Amino acid sequence: MKSCDELAAGTDDPDRPKSVKGVKLGRIEASAAIEACRAAASAYTSLRRLDYQLGRAYDRAERAKEAFAAYDRTAKAGSFAAMNNLATLYEYGQGVKGSRRLCGPDGSQKAGHLAPQVLGLPRQLGGGGEHLLGCRARLFRGLGLN
């Protein structure tokens, strides 16, 4: 568990232990983090942060389907950080079938393809360009979340 925390804990993850500094996504050593976090997540199934960190490691390795699966498990367990990353994967259509992409490349909302996970997002999501934030704002407004 300690190796997973040191290799892939998010700097902005509220579930990160206070004693762990955290690693920016671009600095994750993907192969080592995947190995450590896969083992830790299997051994400590009640600690949602480990699946989130596994998702970050997969994300860094550009393995979107695996990242999506790990973030999805963690989002369902209530992780705000995982919900944010999962929403980003939906936005860009990564790890999901293209028809489930939420926002077009120009920021236009794709009607009728709202991901269930977006319904649970409790805070404004960061990341993406201004056009994507506009799409997210329209999605939230349409769901009554603004």
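Author: A helix here is a DSSP run of H or I with at least four residues, a strand is a run of E with at least two, and elements are numbered from the N terminus. By that rule the protein has six helices and zero strands, and its elements follow one another as α-α-α-α-α-α from the N terminus on. The model is predicted. Of the 146 residues in the protein, 42% are buried. Among contacts with a separation of 6 or more, 57% are between residues 24 or more positions apart.

How many disulfides does the structure hold? There is one disulfide, formed by Cys-4 and Cys-37 with their sulfur atoms 2.1 Å apart. Cys-4 lies in helix 1 (residues 2-8) and Cys-37 in helix 2 (residues 30-43), so the bond ties together distant parts of the chain, 33 residues apart. The torsion about the S-S bond is about 105°, and therefore the disulfide is right-handed. Buried means under 20% relative accessible area. Cys-4 counts as buried because its relative accessibility is 1%, and Cys-37 counts as buried because its value is 0%.

Cys-37 also belongs to the contact between helix 2 and helix 3. In general, the packing of two helices is described by the angle between their axes and the distance between the axes. For helix 2 and helix 3 (residues 48-60), the axes come within 8 Å and cross at roughly 155°. Angles over 145 degrees count as roughly antiparallel, which means that helix 2 is roughly antiparallel to helix 3. The crossing of this pair is left-handed.

Which residues make the contact of helix 2 with helix 3? From helix 2 come Ala-30, Ala-33, Ile-34, Cys-37, Arg-38, Ala-40 and Ala-41. They meet Leu-50, Asp-51, Gln-53, Leu-54, Ala-57, Tyr-58 and Arg-60 of helix 3. By class, this contact of helix 2 with helix 3 has 10 nonpolar, one polar and three charged residues.

A further pair can be set beside this one. Helix 4 (residues 64-76) packs on helix 5 (residues 80-92) at an angle of about 140°, with the axes 8 Å apart. Helix 4 is therefore oblique to helix 5. Their crossing is left-handed. Helix 4 contributes Ala-64, Ala-67, Phe-68, Tyr-71, Asp-72, Thr-74 and Ala-75 to the contact, and helix 5 contributes Ala-82, Met-83, Asn-85, Leu-86, Leu-89 and Tyr-90. The residues in the contact of helix 4 with helix 5 divide into 10 nonpolar, two polar and one charged.

Is Gly-10 buried or exposed? Gly-10 counts as buried because its relative accessibility is 0%. Leaving aside residues up to four places away in sequence, Gly-10 touches Arg-16, Gly-22, Val-23 and Arg-56. The C-alpha atom of Gly-10 is separated by 8.5 Å from that of Ala-81, 71 residues apart along the chain.

Definitions and conventions. Residues are numbered from 1 along each chain as its sequence is written. This is a predicted model: local features need pLDDT of at least 70, side-chain atom pairs count only at pLDDT 80 or more; totals for chains, interfaces and linings use all residues. Side-chain values use heavy atoms; hydrogens and water are left out. Axes are lines fitted to C-alpha atoms, for helices over the stretch in contact, and angles run from 0 to 180 degrees between N-to-C directions. Angles under 35 degrees count as roughly parallel, over 145 as roughly antiparallel, 65 to 115 as roughly perpendicular and the rest as oblique. A crossing is left-handed if the near helix is turned anticlockwise from the far one by less than a right angle, and right-handed if clockwise. Contact means heavy atoms within 4.5 Å. Ala, Val, Leu, Ile, Met, Phe, Trp, Tyr, Cys and Pro count as nonpolar, Asp, Glu, Lys and Arg as charged, and the others, Gly among them, as polar. A disulfide is a pair of cysteine sulfur atoms within 2.5 Å. Buried means under 20% relative accessible area, exposed over 50%, partly exposed in between (1.4 Å probe, protein chains only).
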